[in-house]
Amino acid sequence: MKTISLTYPLSTELQSQPCAIALGYFDGVHIGHRRVIQKAIDTAKANGWQSTVLTFDPHPREVLGQSGYTRYLTPLADKLEQFEKMGVDTAYVMSFDIGFAAVYPEDFVSECLLPLNCRHVVVGFDYTFGHRGMGTAQTLQEMSEGRYGLDIVGPVNRLGEKVSSTIIREYLYDGDVDQVHLLLGRPYKVRGTVVHGDKRGRTIGFPTANVKVAAPYLIGKNGVYGVRFTVDTKSYYGVMNVGIKPTFELEKKEKSLEVHIFEFSGEIYGKDVEVEFLFYIREEQKFAGVDALIAQIQRDVDMAKQKIEEYSRN
């Protein structure tokens, strides 16, 4: 997949092949987003065009100062990875700033879409664009004037509710990573680097990898999770504590991610890793002493191994 960064106004030197283009921010690239993108891929293949996605960075709500959008389900690198796995030919990443936010819908069509040699547009039913979100899917239809085709993809529903990035965020805040898996179509994943911690886990028989996330991921509810941990292309299961380690840390506010990896003894400081959230085990809690903590971690490990065995069979 080719990735091309854009700024508004577009360069006059930009040369693009005829394409079908999916428009959206696509945070999470969840099953609803995937339906929009897949429609663009299918249309492009049927007509011998390039399949493209036009997305934006950073999130428009972050630029406009709206709360709750400084953390992402899929930071840009992860989002692009999902596009490529789907088979997208070209991803355009438009720099979103205050100037671009002021562009009127008709100018977006004439100065952004058409210069990309867009022959067909695919959007979700609730897509908005342009100054103050004045443009809608219907606006795209009205402005097409035969210059491009348009597909408007309806909502995707699961368990009676519309799949959306907002719903997925709420599930993460609740620790319900099972539901997040269903709505994403894959386990929720973060990437990071193993860094030196306080090494306290070694002293209590449960050594951990302290993971510093590589991007502003949304890390949901504090607690203990069953996880899949990947390093050097090999995957292992384990348990991860997300939180502030209240038994030892009285003043710490920043969340830490510490993974106890099953059947693993390698040295991985400085390694890039991936952690997938498979299921939630319990809330983070403060223990009266180290012995109580050790006993609870052992129960967590036993429970996780049992659930992982069930998870692997399904």
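Okay, one definition before anything else: when I say contact, I mean heavy atoms within 4.5 Å. And keep in mind that this is a predicted model.

With that cut-off, let's start at methionine 240. Which residues is methionine 240 in contact with, leaving aside its neighbours within four places in sequence? There's Gly223, Val224, Tyr225 and Val227, then Leu257, Glu258 and Val259, and finally Val275 and Phe277.

Met240 also belongs to the largest nonpolar core, which has 34 residues. Along with Tyr188, Val190, Phe229, Val259, Val275 and Phe277, Met240 is in the group that touches the most other members. Two or more residues come from each of the helices α7 and α8, and likewise from each of the strands β11 through β16. There's a second, separate core too, with 30 residues, among them Leu10, Ala101, Leu113 and Val123.

Now, over to the open sheet. Six strands, parallel pairing, and the order goes β1-β4-β3-β2-β5-β8. β1 (2–6) and β8 (149–153) sit at the edges with a single partner strand each, so one side of each has no neighbour in the sheet. On average, neighbouring strands are turned by 20° against each other, ignoring direction.

Zooming in on one pair: β3, residues 50–57, runs parallel to β4, residues 90–95, and six bridges join them. Leucine 54 stands opposite tyrosine 92 in β4. Helix α3, residues 76–86, packs on this sheet and touches β1, β3 and β4, with its direction at about 165° to that of β3.

Last one: helix α1, residues 31–47, lies across β2, β3, β5 and β8, and runs at about 175° to β2.

Technical notes:
Residues are numbered from 1 along each chain as its sequence is written. This is a predicted model: local features need pLDDT of at least 70, side-chain atom pairs count only at pLDDT 80 or more; totals for chains, interfaces and linings use all residues. Side-chain values use heavy atoms; hydrogens and water are left out. Two strands pair if DSSP finds at least two bridges between them. Helices (H or I, at least four residues) and strands (E, at least two) are DSSP runs, numbered from the N terminus. Axes are lines fitted to C-alpha atoms, for helices over the stretch in contact, and angles run from 0 to 180 degrees between N-to-C directions. A nonpolar core is a set of buried Ala, Val, Leu, Ile, Met, Phe, Trp, Tyr and Cys residues joined through side-chain atoms within 4.5 Å. Buried means under 20% relative accessible area, exposed over 50%, partly exposed in between (1.4 Å probe, protein chains only).
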